[in-house]
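Reader: Before I plan anything around this protein, I would like to go through its fold with you. Could you take me from the overall make-up to single residues?

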Amino acid sequence: MDRGKRKPIKKMMRRSVMLISALSLLLLMIGASLTMLYIRARSKSALISQAEQNLKNTVSERADLVDSKLQRYAEKVTLFADYIKKLYSDPDAVKKVEVPPLSAENKGILVLQPNKISEDIKDEAIAEEKALLGNMDMILYPVFTENEDVITTIYFATESGLLMAYDRQSDIKPDACYNAHETDWYKLAKEQGKAAFTDVYLDSFDRGLTITCVAPFYKPDGSFAGVIGMDILISDLYEDAVAMDLEEDSYAFLVDNKGNVISPKMEERSLDAEDGMDPDVSKKILSGVTGITLSGDRIYFAYSTVSSTDWKFCIRCPEEVVLAPVSDMNQSIVTAILIFAAVFWISNLAILINSKRFADSVTRPILALGNDAKVISEGNLEHRAVAETNDEIGDLAINFNKMAEELKEYIENLTRVTAEKERIGAELNVATQIQADMLPRIYPAFPQFTEFDIYATMDPAKEVGGDFYDFFLVDQDHLGLVMADVSGKGVPAALFMVIAKTLIKNRAQMGGTPSEILGFVNEQLCDGNEAQLFVTVWFAILDIRTGKGIAANAGHEHPVIKRAGGQYELVVYKHSPAVATMEGLKFREHEFELHPGDTLFVYTDGVPEATNADNVLFGTDRMLDSLNRDPDADLKTLLKNVREDIDGFMLDAPQFDDITMLGLTYSGKTEEKE
């Protein structure tokens, strides 16, 4: 339309025509308002459905998180059972371990504590089996110490009548025999033939709400040999997965398969006693499907099954909280209707005051625009008005079309963007939590040892990253240290990191040198590595009694060492290629020795390659200056100093790479704490 050739509305107009004009505009306003109300109703329905689906997705993801945590314990118990089978496979080749009798003198000491299921069983009948299973101390120790805030006891009973427990509670164990064969946990594992979980119960020693993970073990000929069990406190599971940050009057909770609410305070109450719960809602929750239901008290209950235990993960949320975004949308549309009505009334008043003549050329497009509004009000949002005149009515038709198009696009975009954003955010939150749980983060890490102190941090550049560190006991005298960096960023690197970390630790605990271990991991990662990812690794095994160690550096950063009373310095030597770059690699080994007072510092390239706004690297020189700013600081302060200097160097520049650091101070051989 040519705005410069607009025809003005002529001044002469009869009163009757003015009334027709006012009536036409009124009808147009009513039609447009009805259109807005129709859109409001359609939008409200769509947003309510989306809000309910988001809550359903959240409860399903949380149930999966609870299940993944329980499966980690099931994998550990299965590993123990497999190890026992391995001991049975060739007992003559296994060193026999003397297991001292049950004694109150062992209070507070982590030891195997023998017993038997009946006085009728002779000690000599189970003596050889007890000496054979004494080797379990080596594999139970790292798992128990790394999870001692969650695991209270590990125990196993054999079909022959031997019973052994592993914890620090020897002083409270009765001398009387304990018939494990008649217990529910023993029968459960024997019947299931695989790892399983008992019902939740209150620990008899007042250590908290507990669940037991059990698994059967077998002899090489396939005959049943016994059951191993692990008591796990529910409090950690509640804190990590159930204690969600929800709106007021909203909360999450677990329900067992008998309809009892699992409370960390052990409050006895059934599902039907929950505030706002209907019998029909309770029945749907226990049905085993994932869903969302609105109770008669206008309370939403979302629920999903935890596969490992057949528990139900539930979220209780008042209707007004779930539908808060819908209410905001309704208010916006009501406001738009009021503004739209005001605009039309102002336009109507302007025409009544200024129009003196109303010809057919004016009434026809107004009536046509009214018909257009009626078509749109009936639900056809694709319909558009035709601007037949070159005056204010034509402009009104154009603006009306623009408003209808923008409103249609707004509703479509709002629904799509909101759903995608919440889905991605929920998935990344779960991924971030799972990755953080995989790295050791409880300090002091090994309180039973005074020969060394260790501390590490990992700050991913994105929600999840490819850097990882690890430290674990290979056996009672050797400590494994890992610092690694996967090529790439985000979710692909994080998945590759999980595989690499698991392979390194599992292979190291089977024995061997760093070179042999990395060689094995290299072959495993090269197999099927279509994404062509690789990982740089600094891996060392340290004898914590002598301070002597062997390290293999697969394309990683040079380590840093500070001798007692000295300064931090780089230790530079020739590297091997990165792991997973090609098959058949051999990795060089480097011997080193730590003396009392020495400190070792390893890191990923995210430290020296941190970049400021001027594209300048932080570099190893600045890193050494940060370490030497307070060289005698404790490890936590030492790593904090480096991170503060990196942040001060980068200022407002974004973090492009994961920043991971690990420090170890060697104190030398001392007596173990009791």
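This is a predicted model: local features need pLDDT of at least 70, side-chain atom pairs count only at pLDDT 80 or more; totals for chains, interfaces and linings use all residues.

Reader: How many helices and strands does the chain have, and what share of its residues counts as buried?

Author: The secondary structure comes to 14 helices and 22 strands. Among the contacts in the chain with a separation of 6 or more, 69% are between residues 24 or more positions apart. Of the 674 residues of the chain, the share that counts as buried is 49%.

Reader: In the open sheet that contains β13 and β19, which strands stand at the edges, and why is one side of each left without a neighbour?

Author: This open sheet has five strands with antiparallel pairing, in the order β13-β22-β21-β18-β19. Each edge strand has a single partner strand, so one side of it is left without a neighbour in the sheet, and the strands in that position are β13 (452-459) and β19 (568-570).
On average, and with direction ignored, neighbouring strands of this sheet are turned against each other by 15 degrees.

Reader: Which residue of β19 does isoleucine 561 stand opposite?

Author: Strand β18, residues 560-562, runs antiparallel to β19 and is joined to it by three bridges. Isoleucine 561 falls within that stretch of β18, and the residue opposite it in β19 is glutamate 569.

Reader: Which strands does helix α14 touch as it packs on this sheet?

Author: Helix α13 (residues 619-629) lies across β18, β19 and β21 (599-603), and runs at about 155 degrees to β19. Helix α14 (residues 635-650) also packs on the sheet, its direction making about 150 degrees with that of β22 (659-666), and the strands touched by α14 are β13, β19, β21 and β22.

Reader: At roughly what angle do the axes of α13 and α14 cross, and what does that make α13 relative to α14?

Author: The axes of α13 and α14 come within 8 Å and cross at roughly 135 degrees. That angle makes α13 oblique to α14, and the crossing is right-handed. The residues that meet are Arg622, Ser626, Leu627 and Arg629 in α13 with Leu638, Asn641, Val642, Glu644, Asp645 and Phe649 in α14. To give the two values asked for, the angle is roughly 135 degrees, and the relation is oblique.

Reader: Is leucine 635 buried or exposed, and what is its relative accessible area?

Author: Leucine 635 has its place in helix α14 and, leaving aside its neighbours within four places in sequence, is in contact with Asp453, Ile454, Tyr455, Thr599, Gly663, Leu664 and Thr665. Leucine 635 and alanine 456 are 179 residues apart in sequence, yet 8.4 Å apart in space from C-alpha to C-alpha. Since buried means under 20% relative accessible area, leucine 635 counts as buried, with a value of 3%.

Reader: In the other open sheet, the one with β9 and β10 at its edges, which strands does helix α5 touch?

Author: The five strands of this sheet have the order β9-β8-β12-β11-β10, with antiparallel pairing. The edge strands β9 (261-262) and β10 (291-294) each have a single partner strand, so one side of each is left without a neighbour in the sheet. Helix α5 (residues 234-242) packs on the sheet, in a direction that makes about 140 degrees with that of β8 (251-255), and touches β8, β9 and β12 (311-318).

Reader: Which residue of β11 stands opposite leucine 294?

Author: The strands β10 and β11 (residues 299-306) pair in the antiparallel sense over four bridges. Opposite leucine 294 stands a residue of β11, tyrosine 300.

Terms used:
Residues are numbered from 1 along each chain as its sequence is written. Side-chain values use heavy atoms; hydrogens and water are left out. Two strands pair if DSSP finds at least two bridges between them. Helices (H or I, at least four residues) and strands (E, at least two) are DSSP runs, numbered from the N terminus. Axes are lines fitted to C-alpha atoms, for helices over the stretch in contact, and angles run from 0 to 180 degrees between N-to-C directions. Contact means heavy atoms within 4.5 Å. Buried means under 20% relative accessible area, exposed over 50%, partly exposed in between (1.4 Å probe, protein chains only). Angles under 35 degrees count as roughly parallel, over 145 as roughly antiparallel, 65 to 115 as roughly perpendicular and the rest as oblique. A crossing is left-handed if the near helix is turned anticlockwise from the far one by less than a right angle, and right-handed if clockwise.
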